[in-house]
Amino acid sequence: VPRIGVLIVANSCEEGLGNLKGSRALAKAYGDRIAAWISFDGMNLDRIVNRAVGSHRYQVTVRTEGGHSFGAFGNRNAIAVLSSMISTFYTVKVPREGDSKTTYNVGTIEGGTTVNTIAQKCSMLYEYRSDDIRGMEYMDKFFDTVIEMYRNMGITVDVNMVGDRPCMAEGVDCSELSNQLEECGRIHGVEMTAHAGSTDCNIPHSLGIPATCFGVYIGKGAHTRGEWIDVESTKLGMKILASLFMDHM
């Protein structure tokens with residue numbers, strides 16, 4: 001097996017509205033020179049991500065006539081309309097194709113001006129994601145249907161896509177990378193299992209490039225105010241990482 005070069009990169013813009021900008025830039029810069037891609041992210045030493053979870057993220061803004069809370073009572077309130085729309089989004093029965101998983105979430109909501117004003121504008125950030133392209137297609141259709149329904153009520157609804165994480169391309173084989181990583185874990189007493197996830201690997205996965213992601217520390221409470229990591233666990237994580245590098249040097 002010919003030896004290949006190893007490029008080590010610290011990138012940014014993976015989370016939230018970063019929309020994988022760093023990962024996209026790497027793929028654009030190196031293109032077909034990339035033979036394999038390994039990302040280090042997450043707080044589970046025993047977890048490998050080798051399947052991509054795609055997602056679509058939107059800023060949805062509702063606009064109404066608004067007015068004074070007493071003098072213009074009866075005018076539509078953008079906050080009330082958007083709240084109704086959110087309730088409609090939450091009525092969807094998510095699709096299940098085999099062992100796939102599809103989810104949705106409203107992450108933020110903001111609007112209005114004062115307590116005595118009928119809100120003219122209200123916005124939210126909404127996402128849905130799936131590890132199966134059929135799940136994404138189903139949610140795309142549901143999203144479009146709900147938006148059109150509210151527009152047909154005479155309500156102004158602005159939609160801006162703020163995130164588009166691709167699903168996995170067909171035929172991508174990550175088994176060799178996963179097996180290597182599992183073996184490196186066993187050397188240091190860690191049994192790893194493979195899962196689907198939304199990581200920097202989404203980009204190489206969508207381009208047909210074998211890729212895996214794993215964390216080099218242990219922690220809990222991801223995406224909460226109480227998130228924490230066990231600093232001592234990084235010693236074990238670095239040993240696994242070093243073993244993996246030695247396999248490719």
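Two strands are taken to pair if DSSP finds at least two bridges between them. Helices (H or I, at least four residues) and strands (E, at least two) are DSSP runs, numbered from the N terminus. In strand E9, His195 stands opposite Val49.

The model is a predicted one, in which local features need pLDDT of at least 70, side-chain atom pairs count only at pLDDT 80 or more, and totals for chains, interfaces and linings use all residues. Residues are numbered from 1 along each chain as its sequence is written, and side-chain values use heavy atoms, with hydrogens and water left out. The predictor's confidence in each residue is given as pLDDT, from 0 to 100. Its average over the protein is 91, and 98% of the residues score at least 70.

An open sheet is formed by four strands in the order E1-E10-E2-E9, with mixed pairing. Its edge strands, E1 (37–40) and E9 (193–197), each pair on one side only. On average, neighbouring strands of this sheet are turned by 30° against each other, direction ignored. Axes are lines fitted to C-alpha atoms, for helices over the stretch in contact, and angles run from 0 to 180 degrees between N-to-C directions. Helix H4 (residues 175–187) packs on the sheet and touches E1, E2 and strand E10 (211–214); contact means heavy atoms within 4.5 Å. The direction of H4 makes about 30° with that of E10. Within the sheet, strand E2 (residues 47–52) is joined to E9 by five bridges in the parallel sense.

Strand E3 (residues 54–63) has eight buried residues out of ten. Buried means under 20% relative accessible area, exposed over 50%, and partly exposed in between (1.4 Å probe, protein chains only). E3 runs antiparallel to strand E7 (residues 121–130), with ten bridges between them, and Tyr58 has Tyr126 in E7 as its bridge partner. Strand E8 (residues 156–165) also pairs with E3 in the antiparallel sense, over nine bridges; here Val157 in E8 is the bridge partner of Val62.

A nonpolar core is a set of buried Ala, Val, Leu, Ile, Met, Phe, Trp, Tyr and Cys residues joined through side-chain atoms within 4.5 Å. The largest such core has 26 residues, and Met85, Phe89 and Met124 have the most contacts inside it. Two or more residues come from each of E3, H2, E7 and helix H3 (133–151), with H3 giving the most, seven residues. Leaving aside neighbours within four places in sequence, the contacts of Met85 include Val60, Val62, Met124 and Val157. A second, separate core of eleven residues includes Trp37, Val49, Ile203 and Ala211.

The loop between E7 and H3 contains Asp132. This residue counts as buried because its relative accessibility is 13%. Not counting residues up to four places away in sequence, Asp132 touches Glu97, Ser100 and Cys167.

The structure holds zero disulfides, a disulfide being a pair of cysteine sulfur atoms within 2.5 Å. For Cys201, the closest cysteine sulfur is that of Cys213, at 5.1 Å, which is too far for a bond. Cys201 is buried, at 0% relative accessibility. The closest cysteine sulfur to that of Cys13 is also in Cys213, 17 Å away and too far for a bond. Cys13 is partly exposed, with a relative accessible area of 35%.
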